[in-house]
Amino acid sequence: MKRLRFPVRYVPFAATVAVFLLVYALGICNFRNFGSLRVFLGLLHDNAYLGIAAIGAEMVILSGGIDLSVGAVIAFTGVLIAKLAGCGVNAGAAMALALAAGTLFGALQGVLIARYRLPPFLVTLGGMFFARGSSYMISEEAIGILNNPVIMVIEDRLQIAVGNRGLTLEFIDMLYLALLVIAVVFMQKTTAGRRVYAVGENEQAATLMGIPVARTKVMVYTLAGFCSALAGIAFTIYLKSGNPLNCIGLEMDAIAAAVIGGTLLTGGVGYMIGSFFGVLVLGLIQVLIMFQGNINSWWTRIIVGALVLVFIFMQNLITQLSNRRRI
Amino acid sequence: MLIGGFIIAVLAGLVFLCGKSSHGRHLRWPLTALTLLLLINLIFKPGFFTVEMTSDGYLYGSLIDILNHSSKTAILAIGMTLVMATGGIDISVGSVMAISGAMAATVIVMPKERFALWGLDPAAVAFGAAVLCGLLVAVAAGAWNGFLTSGCGIQPMVATLVLMVAGRGIAQLITDGTIITFDDPLLSFIGNGHLLTLPFTTWIAWTLFAIVALLTRKTALGLFVESIGNNETASRYAGIEARGIKWLTYIINGFCAGVAGLIVSSNIKCADANHAGLYLELDAILATVIGGTSMSGGRFYLSGSMAGALLIQTVATMMYANDVNPAVIAVPKALVVIVVCLLQSDVFRQKLSRRFHRGAAQEVDA
C-alpha cells in the first residue's frame, strides 16, 4: 500500500497541530495582539505545570495504563514544600525531598500495578485519595511562601530575556521545555522508551518478545510520579504557595491533553510531542475565552469535552481503517 | 451497647453463613471488614451505637447516619455494578449528578404560575416536573454514554471521559453559572425527609436495590449481562442482543446517577454545578469493587455493592465520630482500596499462601 504517501499513524498528530494552528489563527484574526510574543509566553508560563504533568500522564497512557493521582500529588508536593519552607528549611532541600517523595510514591503505585496485577485505575485512584488526604494532614489551609531566598533567586535570576521588550522565559518554562525534549528523545530513541510502546500496544506480545513488562511498567509509573512531583514544584514556584485544594481534577486535564494530542487511550499509539500541542490547545481555548470577555468560563469545559470527543471519533475511525487494511 | 452487640452478632453470623454458602461468598470480605470496624467502635466508643428517637418520631445516631449518607454511593453503585458487569465503566456519574441536580433546581425555582395546569396544585406539579426533568436529563446522559460505548464501540472509560469533562460545564450552562438555592418543601423532602422513622434516602436506595435485584436475578437479564461481560462476541452469536443490553445498563446507570443527583441537591437545598457529586464516581466504583464485582466484567453482586457502600460510609462516619478532619478521611479510604484490591488479587493470594505454607513446613521440620 504505497498509495498513501502520508502515513495514517501521523494523522491524529497532524490533526492536533491543525487544531492548534486553527485556534491560534482564529485568535489572531479576531483580536489585536493575540499573536504577540507576550501572549504566547504567557500561555507557556500559565500551562508549564500542566505540561510537565501531561508528560507523565502521556507516558502512562502510552504504556496502556492510567494515572489518576497527578493532581493530588501536585497538591501534596506544594503543601509539603510550603510547610517545610515555612519551618525554615531551605526551599531547595524541600523541593528535593518532595521530588523524592513523589518518585517513591509513583514507584509504589507501579509495584502494586505491575507485580500484583491490580488495575491501574484502582491503584492510582487509591493513590489519589492517599496523596490528597496526606496533604490535608500536613496543612488544612493554603500556606504562602513569602520572601523565600531560594524561590526569589529562581524568580529573579533564572530567566532568559526574549526579544528586547523586557519579555522573559521563566525558569519553569525552561524546565518544561527541557523535560519535553528529554521525554521526546527518551520515548523515540531509547530502548526503554520503545519498550513502553511495545507494552502499551500488546502486553502479551511484549512478554513473548522477552521484554521485561513488569519492570517497564514500574519504570513508567515511577517516572510519572517524578513528573507529577516536578509539576508540583513548578506549580509552587508559579503560585508561591501550597494549598491542599490545588489542582482538583487536574489529572483529567492531563489526560484530555494527551487525547487531544493524538494519543490513543488504549495505549501504544501517540507521540510525546503531541502532549505539548494538547496542552497548548487547552491553554489557547482559555486565553481565547478570556480575550472574548463575554463568553462564560464554563464553555471551556464544554469545548474541551467536544474536542476530546472529536479526537476519540477520529482515533476510532483510524483504528477501524487500519484493521481493515491489515485483514 | 446492647444494640451494638446485637448488630455485631448478626453481622458475624452473616459472615459465617456467607462463608458456608456458595451464593454469598462475595459478601464475606466486606462484611468481615464491617464487623471488625463496628467491633472497634464497640470497644473504644460505645456511644457510636446510641440510637435515639426524636420527638417527631425520627431515629438518629451514628448508625442511622451511615444508612442515610451511604445511600448516594449505594444508588450510584447499583448502576455502576451493572455497567461494570458488562465489562464497562462509567466515570461520568459525578458530572451527571451535577446536571440532574441543576436541572431539578432550575425547574423548581421557576415562577409557580407556570405550573398551574389542569387545576392541579401548582406546587405538586412543579415538584413532579422538577424530578421528572432531573431524571430525564440523567437518562439522556446515560443514553449518550451508551451510544458512544455500545453504539460506536468506543472504549467505555474514554467514552465516558467526554461527559465527565463536559458535564460540569453543561450543569453550569443550565444554572447560568450561579448556585441555585431553593426552598421547596417537597423537593427538600427527598434528601432530608423521614419515612417510618428512617431517612427517606435509605428507603430510595434499598427500594432501588430491590427492584434492580429482582429485575436482574429473577429474569434472564442478569445472566445476559454477565454473559456479555464474559465474552461479547460469543453472546452475540448465542443470540443475545449484546448492544441493546449494554446500552440499557448505561441508561440504568444514568437513571441512578440522576436519583443520586436529586438527593444531593435536595439535601443541601441548592444546585452546585462544581461540587455536587465530586469524586462520587470513584466512591461508586470503589463500593462495587469491594463488593466483589470484577472490573473486567463477567460477574456482578448487587448485595456486595450495597455492603461496599455501607463499608465506605462506616469508615467515614467513624472518622467524624472521632473528630478527624473530614478531608483526611481520604487516607484510610485509600488504604481500604489497596488492601481490598490486594486481597482480591490472585498473585498476592498465591504469594501469601506460599509464605504460610512455607512457615508451616518449617515448623514441621523443626
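Trainee: How much space lies in the second largest cavity?
Mentor: Happy to start there, bearing in mind that this is a predicted model. The count comes to two cavities of 30 Å³ or more. The space in the second largest cavity is about 30 Å³.

Trainee: Which helix of chain B gives the most to the lining of the second largest cavity?
Mentor: Good one to check by eye. The lining includes B:Leu67, B:Ser70, B:Ser71 and B:Ala74, along with B:Trp206 and B:Met306. At least two lining residues each come from helix 3, helix 8 (200-217) and helix 13 (302-321) of chain B. The top contributor, with four residues, is helix 3.

Trainee: How many charged residues are in the lining of the second largest cavity?
Mentor: Let's go through the classes. Six of the lining residues are nonpolar and two are polar. For charged residues, the count is none.

Trainee: And what volume does the largest cavity have?
Mentor: You can find the place from its lining, which includes B:Asn68, B:His69, B:Lys72, B:Thr201 and B:Asn267. By class, that lining has two nonpolar residues, one charged and six polar. The volume of the largest cavity is about 60 Å³.

Trainee: Which helix of chain B gives the most to the lining of the largest cavity?
Mentor: Two helices of chain B, helix 3 (62-85) and helix 11 (242-267), each supply at least two residues. With four residues, the one that gives the most is helix 3.

Trainee: Is B:Ser265 buried or exposed?
Mentor: B:Ser265 has its place in helix 11 of chain B. Beyond four places in sequence, B:Ser265 touches B:Gly101, B:Phe182, B:Cys270 and B:Ala271. Its relative accessibility is 6%, and buried means under 20%, so B:Ser265 counts as buried.

Trainee: Over in chain A, why do the buried residues of helix 7 line one face?
Mentor: The buried residues of helix 7 of chain A are A:Ile172, A:Asp173, A:Tyr176, A:Leu179, A:Leu180, A:Ala183, A:Phe186 and A:Met187. They line one face because, seen down the helix axis, they fall within an arc of 155°.

Trainee: Which residues are exposed on the other side of helix 7 of chain A?
Mentor: The buried residues of helix 7 pack against several elements of chain A, including helix 2 (37-62), strand 3 (167-169) and helix 10 (213-239). On the other side, the exposed residues are A:Val181, A:Ile182 and A:Lys189.

Trainee: How does A:Met174 count at 22% relative accessibility?
Mentor: A:Met174 is found in helix 7 of chain A. Leaving out neighbours within four places in sequence, A:Met174 is in contact with A:Leu158, A:Gln159, A:Ile160 and A:Leu169. Buried needs under 20% and exposed over 50%, so at 22% A:Met174 counts as partly exposed.

Notes:
Residues are numbered from 1 along each chain as its sequence is written. Chains are lettered from A and ligands numbered from 1 in the order in which they are written. This is a predicted model: local features need pLDDT of at least 70, side-chain atom pairs count only at pLDDT 80 or more; totals for chains, interfaces and linings use all residues. Side-chain values use heavy atoms; hydrogens and water are left out. Buried means under 20% relative accessible area, exposed over 50%, partly exposed in between (1.4 Å probe, protein chains only). The arc is that of the directions from the helix axis to the C-beta atoms. Contact means heavy atoms within 4.5 Å. On a 1 Å grid over the protein atoms alone, a cavity is a set of points where a 1.4 Å probe fits but cannot get out, and a pocket is an open set with protein on both sides within 12 Å along at least five of seven lines; lining residues have an atom within 4 Å of a point. Grid points are joined across faces, edges and corners, and a volume is the space filled by probe spheres set on the points. Ala, Val, Leu, Ile, Met, Phe, Trp, Tyr, Cys and Pro count as nonpolar, Asp, Glu, Lys and Arg as charged, and the others, Gly among them, as polar.
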